[in-house]
Amino acid sequence: MSIKLDGKKLSLEIEKRLNEYISINKKIAKRAPGLAVIRIGEDPASGVYVNNKEKACLRVGIKSFIFHLKDNVEQKEVEKLIDKLNFDEDIDGMLLQLPIPKKFDEQKLISHINSNKDVDGLNEINIGKLVKNETAMRSCTPAGIINLLRSQNITIKGKKIVVIGRSLLVGKPLSLMLLNLNGTVTMTHSKTLNLNKVCKEADILIAAAGKPNLVDSTFVKEGAVVIDVGIHRLKSSDKNKSRLCGDVLLEDVIPKVFAYTPVPGGVGPMTVTMLLVNTIFSWQKQFGLSSALNDLMP
Ligand code: NAP
């Protein structure tokens, strides 16, 4: 029987550790860790994600600061807010909730965030340190995936790993993290030829293409580990209902695999948890606190 890599369960276990870590170390730091979230505009999905982040902060004892800006705000005003938060001593982490309206220069805003507070691990300094395999803030979804693999003692070193997708958010940083951990990594994309043949070589296959049910059993080697990053809401035949699915056609793939992540409840919960970890990591550095959580950093 294949193993379900239960991200929901693991994220609750990690949150318990984070909560304990904060309770103990708050006495030394004399304040809780602080996370600032900047949301621009009214994208409803972003609203849900920001709420989830706020609730997660509350559960572990991080103080959250939500800045919801109207979409008629100017780029310069957002930059000013980021500058102010960069110098705010109560804030250890800061993120810009994506996507933001097209009129903004997204990368310029992300670059404005002080790299020590860049809890999404997306600015040039943190990406550069990842390339050099130096300790730094790591982007959350890839870091969550590494922790999921570790939680079941799935070895990365020496394994053939295929990542579908090369985005700056998931595919590229994930491939680099796996490479740093001595996996033999192939990064694929929409122009890759014979994708299913390439994937079938993988001991660990990670799908982050953003295409519902792209990966079926023809992509998967017997006994492989399959990680599904994709998340899609599909309308069901009953018009009032919808269901979530990933990039992997799970019912076709599960009988063949050693382990897999479900959607929902796999990679998603770990992404939020790693955001909390990164915020605490920054707080830890600021106050020279114990390194008891360092095993969570890939
Ligand atoms: P993205 O920016 O759209 O990137 C998708 C990548 O997949 C691109 O590199 C693209 O190739 C590649 N691709 C697209 N179609 C393909 C195909 N048919 N065959 C092979 N490669 C293909 O998406 P993203 O931000 O990386 O996100 C990917 C998925 O993960 C989305 O469903 C997103 O919602 C989900 N996600 C989930 C979480 C979570 O916490 N669970 C977090 C982040 C993202 P090209 O570069 O050639 O265009």
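Predicted model: local features only at pLDDT ≥ 70, side-chain atom pairs only at ≥ 80, totals over all residues.
Biologist: In what order do the six strands of the open sheet stand?

Modeller: The six strands pair in parallel fashion and make up an open sheet. Read across that sheet, the order is β1-β11-β8-β7-β5-β6.

Biologist: Which strands stand at the edges, each with a single partner strand?

Modeller: A strand at an edge has a single partner, so one of its sides is left without a neighbour in the sheet. This applies to residues 3-4 and to residues 184-188, which are the strands β1 and β6.

Biologist: Which residue is the bridge partner of Val226 in β11?

Modeller: Strand β8, residues 225-228, runs parallel to β11, residues 259-260, and two bridges join them. Within that pairing, the partner of Val226 is Tyr260.

Biologist: Which residue of β8 does Ile206 stand opposite?

Modeller: Strand β7 covers residues 204-207 and runs parallel to β8, to which four bridges join it. Both faces of β8 are covered, with Val226 and Asp228 buried on one side and Val225 and Ile227 buried on the other. The residue that Ile206 stands opposite is Ile227.

Biologist: How far from Asp118 is the nearest side chain of opposite charge?

Modeller: Asp118 sits in the loop between α4 (106-112) and α5 (124-131), and its contacts beyond four places in sequence are Met94, Ile113, Asn123, Asn126 and Met137. Although Asp118 is buried, it has no salt bridge, and a salt bridge would need a side-chain nitrogen of Lys or Arg within 4 Å of a carboxyl oxygen. The nearest side chain of opposite charge belongs to Arg138, and its distance is 9.7 Å.

Biologist: How many residues surround the ligand?

Modeller: The closest residues around the ligand are Arg166, Ser167, His189, Ser190 and Thr271. Counting the whole surrounding set, the number of residues is 22.

Methods
Residues numbered from 1 in each chain as written. Heavy atoms only, no water. Pairing = 2+ DSSP bridges. Buried < 20%, exposed > 50% of the residue type's maximum accessible area, 1.4 Å probe, protein only. Lys, Arg positive; Asp, Glu negative; His and termini not counted. Contact = heavy atoms within 4.5 Å. Near = heavy atom within 4 Å.
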